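Please look over the sequence and the structure shown below before reading on. The briefing that follows takes up strands, aromatic rings and backbone geometry in turn.

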Amino acid sequence: MKPKPSRFLLNLCLAGVLCFAITLEAAPKAELWEEWLPNSRTTKEQSEKPSWELWQAFLERYVITDSTGLNRVDYAAVTAEDELALERLQTSLASIDPRGWSADEQQAFWINSYNLSVVSLVLQHYPVASIKDIRLSFKSLFNGGPWEDKLIEVAGIKLSLNDIEHRILRPIWKDQRFHFALNCASVGCPNLSNDIYRAQTLNEQLNLAEKTFLQSPRGFLRTDKAYQVSSIFNWYWQDFSDKKANLWEYFQEQGLIEGPVKTFQYQYDWNLNEVRSERG
């Protein structure tokens, strides 16, 4: 007869599963990586700015808006030549240092770099049902996906997606609209823009990204019993309100609700934002 596991071991295992689940759900905090502060480089050390023409051409060719307003990527149609071009563009960023540029130039650079890295990652593992299924290291197991894996190199420093979003963009510039510009290759995510982000038009582009997402059912939806909103507002409520209980004020400012909200229901669809075939 096989010995039965002790209650202590069973409880320990259950606790481990619970901690693992909590780890997957916990949203990263905005924690400044001081190395990337804009004033850490002088104007004399400005590096050449990247050309995003290849990325722009890719977006125009493969990002398709469906009948619901969701921008999907036709990953299956991407040619080997275009995929290689993206990889070369991503590799070229290793010699670029944006820290001496203007604030808008830096922000546009990081948004483009993030979105480029996500698409390149998906292409390397396609077909895949969700970006969360891509596990590149042991870290991936505890982060629900490849968020902490070093996917890109800038100024000779290797960076993860979380580095760009939560250790550079959010803590340095504290702009809630970044959440609507960064795309995680998922149906529930704000759209991957079919236009690159540019310093000259950054403010207008960020405003449009925010407005477009809030007007979509993925971002905000009225129901009879509650307001159904994206889990982004649950994960990062502190970027939108001083207190989570006052989150309704953000939606009121956006003209979406009148008076205190009765109930929020959070939703997010992690299915890949791919162009669907006739087979579904």
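In this predicted model, strand β6, which covers residues 227–230, pairs with β7 in the parallel sense over four bridges. Within this region S230 stands opposite Q267 in β7.

**The sheet**
- Three strands form an open sheet in the order β5-β6-β7, and the pairing in this sheet is mixed.
- Because β5 (220–222) and β7 (264–267) stand at the edges and each has a single partner strand, one side of each is left without a neighbour in the sheet.
- From one strand to the next, the twist averages 25 degrees.

**Aromatic rings**
- The count of aromatic pairs comes to 25.
- Ring pairs link a cluster of residues, among them F220, Y227, F233, F264 and Y266, and this cluster also includes F180, F213, F240, Y250 and F251.
- R99 lies over the face of W36, at 4.4 Å from the ring centre.

**Backbone geometry in loops**
- The peptide bond that runs from Y126 to P127 is cis, with omega near 5 degrees, and P127 is found in the loop between α4 (103–125) and α5 (138–143).
- A155, although it is not a glycine, has a positive phi of about 55 degrees; this residue is found in the loop between β3 (150–154) and β4 (157–160), and A155 is partly exposed, with a relative accessible area of 24%.
- K174, also a residue other than glycine, has a positive phi near 50 degrees; K174 is found in the loop between α6 (161–173) and α7 (178–181), and K174 counts as exposed at 66% relative accessibility.

Definitions and conventions. Residues numbered from 1 in each chain as written. Predicted model: local features only at pLDDT ≥ 70, side-chain atom pairs only at ≥ 80, totals over all residues. Heavy atoms only, no water. Phe/Tyr/Trp six-rings, centres within 6.5 Å; stacked < 30°, edge-to-face > 60°. Lys NZ or Arg CZ within 6 Å of the ring centre and 35° of its normal. Pairing = 2+ DSSP bridges. Helix = DSSP H or I, 4+ residues; strand = E, 2+ residues; numbered from the N terminus. Axes fitted to C-alpha atoms, helices over the stretch in contact; angles between N-to-C directions. Buried < 20%, exposed > 50% of the residue type's maximum accessible area, 1.4 Å probe, protein only.
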